[in-house]
Structures are given as structure tokens and as C-alpha cells.
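Work through the exercises below with the model open. Try each task before reading its solution.

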Amino acid sequence: MSWFESLILGLVQGLTEFLPVSSSAHLRLTAAFSGWEDPGAAFTAITQIGTEAAVLIYFRKDIGRIISAWTRSLTNKALRSDPDARMGWLVIVGSIPIGVLGVTLKDQIEGPFRDLRITATMLIGMGIVLGVADRLAARDESGGKHRAPKHRAPKQRKALEDLGVRDGLIYGVCQAMALIPGVSRSGATISGGLFMGYKREAAARYSFLLAIPAVLASGAFELKDATEGGHVSWGPTIFATIIAFGVGYAVIAWFMKFISTKSFMPFVYYRIALGILIIALVSMGALSPHAAESAG
């Protein structure tokens, strides 16, 4: 991997990690459209450490409170009802599905799941799911646009304080779907949250918090394998990770403001259009559905 490739891929990782468009799909597609070798699942996992570091800094106050309350609740039963302590447990519970599936499906994640036809299908399918979830949230917020104004009453959607073990596990299953390129971690978990009746900001905030242990564990796992196997270009990969961190932090700040007042529909249209384009290019033979072997 050249330094220029690592710069572009780092920018792509930072720009797309927190948006509901799938960063792994965009890394794979950027390489395919540019005629580069597929950066691979290891590169994706390691550069995600950079974007996750941006989450740690952006939400540092929330994370500090959660860790403190959760740690103290281990020995103080009275603190176990504290919202921050509960959130600590719920992040652990929600991380179980992706932990189990990430280990059991490792070979598929690094191989068959990276087929561009699967990526395109997931982009379109999850785009439609996100669109439906967004419409449901908008209907609740407006009280239903087809009803007479005097009968419209916004429906109160749930906040993070309403999160329980069942919903935490459902969030976790949604997050695990993002093991398939094209799904999008934030897209799947935010969609799940909206379907369960959570506010947009609440769904996005829990999505980001839930990703922390999964991404850091995945990155550490790939770092171990890469160190032992020697199949990663360390200089360019570290450079890309630093770029992803800086860009990712800016994207988080923008996205959290965006979702408070805007619809997810622009992302839905983008996902569907990109998925259709990929299918067309693969069907015409202009794009190979299979990844080129990475040389590291």
C-alpha cells in the first residue's frame, strides 16, 4: 500500500465510519474503483481504532461517568440503579452478539462477505430499512402529517434512560449485522433504535457508545494477527489511522448536530443509488465482484 492510498483510505474511513453508509463498503469500493488491492478486513479494523479514539474523546465526559459509576457499582449495590452504571452493563450486554459472531464468522468476514454483489445488496436493503425507520420517527415527531392539525399530537419517543436489557440485546444484534460490508454499524443500530421507538439522538448516542468495546476488541485482535503474520504495511496503516481519527472527530460533531433537526433520507437515497451503480458495473463486467489479493 502506498502513502497516497493510505491517505485516501484514511479520509474515507474517517468520513464514513459514523455516517449510516458503511465505512467497510466504502473502503472496499474506493480500492475497487481506483484499481488498488483490497485493503482487507485487517486494515479496516485497525483504522477503525483511529475513529473510535475520536469517539472516546468526543464522549469523554459520558464515558468517564459510565466507567466510574459501573466500577463503583460492582461493590456498592446501591449504585446499581444509577443510570450511568446501568449504561455500563447495557454496553457490555449489547456487545455480546458481535463478539460471538465476529469470532465464529471471521473467515466469512475476511472472504465471501467482501463480494461486491453482497455489498451492493446490503447497501440497498439497509438503505430501505433506514428509510422506513426514519419515516416512522418523523411521523411520531409530527403527530402524523395526514391527520387534521388539531388532532396532531407528537408521540413521545424513548430516551436512553428507558433502555433495558431486551432493547440492549436488540441493539447488539443490529450492530452485529455490520460485520457484512454494506450494512453500516451506525445505520443498523440507529435503525434498530428508531424501530424500537427511541429518539434520533438517543439511538445515535447509544450506537456510538456500543461500538467502543467491539471496535477496540476487533482492532486489537487484528493487530495481534497482523503482528504475528507480518502482512500489514505498518507505516501507511498507522498514517491512515491518524487521518481517520482527525476526520472522524469532525464528522461526529457534525452528525450529532445534523440528526437533531434533519432526516436520514439523503443517506437512504445515496445508499440505494450507490448499490444500483455497483450492481450495474458488476453486471457489465466493468467491476470485479471479488477482491484482489492484498499484498500488505
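Predicted model: local features only at pLDDT ≥ 70, side-chain atom pairs only at ≥ 80, totals over all residues.

Residues are numbered from 1 along each chain as its sequence is written, and side-chain values use heavy atoms, with hydrogens and water left out.

**Exercise 1.** Classify the aromatic pair of Trp-70 and Trp-89.

Solution. Start with the rule. Rings of Phe, Tyr and Trp (its six-membered ring) pair if their centres lie within 6.5 Å; planes under 30 degrees apart are stacked, over 60 edge-to-face, the rest tilted. The count by this rule is 15 aromatic pairs. Trp-70 sits in helix α4 (residues 60–73) and Trp-89 in helix α5 (residues 83–104), 19 residues apart, so the pair links distant parts of the chain. Helices here are DSSP runs (H or I, at least four residues), numbered from the N terminus. Finally, check exposure. Buried means under 20% relative accessible area, exposed over 50%, partly exposed in between (1.4 Å probe, protein chains only). Trp-70 is partly exposed at 24%. Trp-89 is partly exposed at 38%.

**Exercise 2.** Classify the pair of Trp-254 and Phe-255, then find its cluster.

Solution. The ring centres lie 6.5 Å apart with planes at 35°, so the pair is tilted. Trp-254 is partly exposed at 43% relative accessibility. Phe-255 is buried at 0%. Ring pairs join both residues into a cluster that includes Phe-18, Tyr-58, Phe-208 and Tyr-249.

**Exercise 3.** Which residues of helix α2 are buried, and what do they pack against?

Solution. Take the span first. Helix α2 (residues 23–34) has twelve residues and reaches 16 Å from first C-alpha to last. That is close to the 16 Å expected at 1.5 Å a residue (1.5 Å times one less than the number of residues). Now list the buried residues: Ser-23, Ser-24, Ala-25, His-26, Leu-27, Arg-28, Leu-29, Thr-30, Ala-31 and Ala-32. Ten of the twelve are buried, so α2 is largely enclosed by the rest of the structure. The buried residues pack against α1 (3–16), α3, α7 (116–142) and α12 (265–283), with contact meaning heavy atoms within 4.5 Å. Just past α2, Gly-35 has a positive phi of about 80°.

**Exercise 4.** Where does Leu-56 lie, and is Leu-56 buried or partly exposed?

Solution. Leu-56 lies in helix α3 (residues 40–58). At 33% relative accessibility, Leu-56 is partly exposed.

Note on methods. Helix = DSSP H or I, 4+ residues; strand = E, 2+ residues; numbered from the N terminus.
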